[in-house]
Amino acid sequence: MRTLNTRPSQRRAHRRLALALPAAAAAVALLLSGCTSDDSLAKQYRSGSGQNYIAGDGTVSEFAAGNRGEPVSFQGTLADGSPVSSKDYAGDVLVVNFWYAGCPPCRVEAPDLEALYQKYKAEGVGFLGVNLYDTASTAASFDKDKGVTYPSVLDRDTGSVLLAFSKTVPPKATPTTLVIDKKGRVSARILGAIPDRSILDSLISDAVAEN
C-alpha cells in the first residue's frame with residue numbers, strides 16, 4: 001500500500017486532513033428539510049470553524065495490484081428505486097463515494113466528483129454514491145442543489161453496500177471515496193474529503209490505464 005501526499009505536486013507522502021463528522025443532531029435535522037443554495041455547512045467546513053463537528057484523520061492510499069484482495073461484491077437500491085450491483089460495473093473502473101446530505105465536506109467535494117464523472121464517463125468509468133443516512137427526497141434535493149447527475153444507493157436501511165466494502169478496505173469516515181479497478185478490487189481510498197480534484201483524477205487515470 002502506498003500513501004499519497006494530498007498536494008498535487010507530491011503523491012508519495014501523506015498529510016493530515018480535516019474531516020468532519022456530526023456531533024449534533026440539530027445540524028443533521030437542518031439538512032433533512034432539504035438543501036439550499038445558501039450552503040452554511042459547506043462554508044463552515046471551508047472556514048475550518050469546526051462548529052458542531054469534530055476533526056478526524058485522513059489519508060490518501062493507493063494499493064498495489066498484488067495487495068488488493070478479492071473483488072468486492074455488493075448490491076443495493078438506487079434513490080429512484082432501481083436495483084444496482086457490482087455486476088453492473090464488471091470490467092470497468094468504478095468510483096464509490098460514501099456520503100450524506102448533512103456532511104459538510106460531502107457538500108464541498110460534490111462539484112469535484114461531478115466534474116470527474118463528466119470527464120471520465122465516456123471512458124466507461126462509473127460513479128456511484130452510497131448515501132448512508134438520508135431518505136430518497138433528501139438525497140434528490142442534494143443532487144439537484146449540487147448538480148450531481150450520477151446515481152446513489154440509499155444504504156441507511158440495510159447498510160449492505162457499506163458492509164460489503166468494510167470487509168476489505170473499510171470506509172472509516174464520511175466522506176470516503178474508493179476507486180475500484182477493472183477486476184472489482186479497491187485500488188485506492190481517500191479517507192475523508194477529497195483534498196484536491198487532481199488527486200482523485202490521478203487515481204482514476206491510474207486505474208483506467210491498468211490492463
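Mentor: Let us begin with helix H6, which gives the most to the lining of the second largest cavity, with three residues. Please keep in mind throughout that this is a predicted model.

Trainee: How does one find such empty space in general?

Mentor: Rolling a probe the size of a water molecule over the atoms shows where empty space is left.

Trainee: What is the volume of the second largest cavity, and which residues line it?

Mentor: The second largest cavity holds about 30 Å³ of space. Its lining consists of Glu62, Arg68, Ser187, Ala188, Leu203, Asp206, Ala207 and Glu210. Strand E11 (186-191) and helix H6 (197-209) are the elements that give two or more residues to this lining. By class, the lining of the second largest cavity has three nonpolar, one polar and four charged residues.

Trainee: How many cavities of 30 Å³ or more are counted?

Mentor: The count comes to two cavities of 30 Å³ or more. The volume of the largest cavity is about 60 Å³.

Trainee: Which elements give two or more residues to the lining of the largest cavity?

Mentor: They are strand E7 (94-99), H3 and H4. H3 gives the most, with four residues. Among the residues lining the largest cavity are Trp99, Cys106, Glu109, Ala110, Leu113, Phe142 and Tyr150. The lining of the largest cavity divides into seven nonpolar, two polar and two charged residues.

Trainee: What of the largest pocket: how much space lies in it, and which residues are closest to its centre?

Mentor: The largest pocket contains about 170 Å³ of space. It is lined by 17 residues, of which Val72, Ser86, Ala90, Lys183 and Gly184 are the closest to its centre. By class, the lining of the largest pocket has eight nonpolar, four polar and five charged residues.

Trainee: Is the crossing of H3 and H4 left-handed or right-handed, and which residues make the contact?

Mentor: The crossing of H3 and H4 is right-handed. Cys106, Arg107 and Ala110 of H3 make the contact with Phe142, Asp145 and Lys146 of H4. This contact has three nonpolar, no polar and three charged residues.

Trainee: At what angle do the axes of H3 and H6 cross?

Mentor: The axes of H3 and H6 cross at roughly 35 degrees and come within 10 Å. H3 passes H6 in a right-handed crossing. The residues in contact include Leu113, Leu116 and Tyr120 of H3, together with Leu200 and Ile204 of H6. By class, the contact of H3 with H6 has seven nonpolar, one polar and four charged residues.

Trainee: Finally, how should I read a peptide bond, and where is a cis peptide bond found here?

Mentor: In general, most peptide bonds are trans. In this model, a cis peptide bond joins Thr174 and Pro175, with omega about 5 degrees. Pro175 lies in the loop between helix H5 (160-166) and strand E10 (176-180).

Methods. Residues are numbered from 1 along each chain as its sequence is written. This is a predicted model: local features need pLDDT of at least 70, side-chain atom pairs count only at pLDDT 80 or more; totals for chains, interfaces and linings use all residues. Side-chain values use heavy atoms; hydrogens and water are left out. On a 1 Å grid over the protein atoms alone, a cavity is a set of points where a 1.4 Å probe fits but cannot get out, and a pocket is an open set with protein on both sides within 12 Å along at least five of seven lines; lining residues have an atom within 4 Å of a point. Grid points are joined across faces, edges and corners, and a volume is the space filled by probe spheres set on the points. Ala, Val, Leu, Ile, Met, Phe, Trp, Tyr, Cys and Pro count as nonpolar, Asp, Glu, Lys and Arg as charged, and the others, Gly among them, as polar. A crossing is left-handed if the near helix is turned anticlockwise from the far one by less than a right angle, and right-handed if clockwise. Contact means heavy atoms within 4.5 Å. Axes are lines fitted to C-alpha atoms, for helices over the stretch in contact, and angles run from 0 to 180 degrees between N-to-C directions.
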